[in-house]
Amino acid sequence: MGRYIDALLAAGTVFGVQYASQEISPADDPETRRWYTRLNKPAFNPPGPVYAVVWTMLDSLLAWSGYRLLRAESSPGRTLALSLWALCVVGIASFPFFVFRKRELGTGLAICIGMILSSGSSVVAARKVDPCAAKLQVPLFVWLIFAICVHEEVWRHN
């Protein structure tokens, strides 16, 4: 594929999935906001605007990583790296659906664990194909470790 198509595919996948998850997740619904506000959260839970800024940066890095992987030479390693990358994108989209629409905090915790595993595996697989693509995914992996600490506390205290 061409550079522009690869860029569109990578960015469109990440941001398209984010848009779709916003559409299917009632996080902005007033009743959902009241429910979430009432949950017991740890003191280290960041304020809402921090999440928006952080996820915008993480999504951008993830899209850039996907672009680099798409541009890499076709190989079984590249296929594995792209598959794990896509699994990370799916995990990012499924978390708000289960936590905010279904209000299943336990399922959200399971998704967090799966996202850490898929993200870590994605970094390792991408490193063999394009070390820069792997480095671009490290901030997501680190954030997910922090996020699971936050979500585990929310799940445990609610």
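## Briefing: cores, spans and cysteines

Of the 31 residues in the largest nonpolar core, Trp 55, Leu 62, Leu 69 and Leu 140 touch the most other members. Helix 1 (3-24), helix 3 (48-71), helix 4 (76-101), helix 5 and helix 6 (131-157) each supply at least two residues of this core. Helix 5 gives the largest share, with eight residues. The model is predicted.

**The cores**

- Which residues does Leu 140 contact, leaving aside its neighbours within four places in sequence? They are Trp 55, Leu 58, Leu 62, Cys 88, Ile 92 and Ser 119.
- Two of these partners, Trp 55 and Leu 62, are named with Leu 140 among the residues that touch the most other members of the largest core.
- A second core is separate and has seven residues. Among them are Trp 35, Leu 39, Phe 100 and Val 150.

**Annotated spans**

- An unreviewed UniProt entry places the feature "transmembrane region" at residues 50-67, 79-99, 105-126 and 138-155.
- Over residues 50-67, the chain is 100% helix and 0% strand. The end C-alpha atoms of this span are 26 Å apart.
- Residues 138-155 are also 100% helix and 0% strand. Here the end C-alpha atoms lie 25 Å apart.

**Cysteines**

- How many disulfides does the model have? The count comes to zero.
- Cys 112 is in no disulfide. The nearest cysteine sulfur belongs to Cys 149 and is 9.9 Å away.
- Is Cys 112 buried or exposed? Cys 112 counts as buried because its relative accessibility is 6%, and the cut-off for buried is under 20%.
- Cys 149 is partly exposed, with a relative accessible area of 38%. That value falls between the 20% and 50% cut-offs.

**Arg 127**

- Where does Arg 127 lie? Arg 127 is in helix 5, which covers residues 105-129.
- Arg 127 has 61% relative accessibility, so this residue counts as exposed. The cut-off for exposed is over 50%.
- Arg 127 and Gly 16 are 111 residues apart along the chain. Their C-alpha atoms are separated by 25 Å.

Methods:
Residues are numbered from 1 along each chain as its sequence is written. This is a predicted model: local features need pLDDT of at least 70, side-chain atom pairs count only at pLDDT 80 or more; totals for chains, interfaces and linings use all residues. Side-chain values use heavy atoms; hydrogens and water are left out. UniProt positions are given in the numbering used here, feature names are shortened, and annotations may be inferred rather than shown by experiment. Helices (H or I, at least four residues) and strands (E, at least two) are DSSP runs, numbered from the N terminus. Buried means under 20% relative accessible area, exposed over 50%, partly exposed in between (1.4 Å probe, protein chains only). A disulfide is a pair of cysteine sulfur atoms within 2.5 Å. A nonpolar core is a set of buried Ala, Val, Leu, Ile, Met, Phe, Trp, Tyr and Cys residues joined through side-chain atoms within 4.5 Å. Contact means heavy atoms within 4.5 Å.
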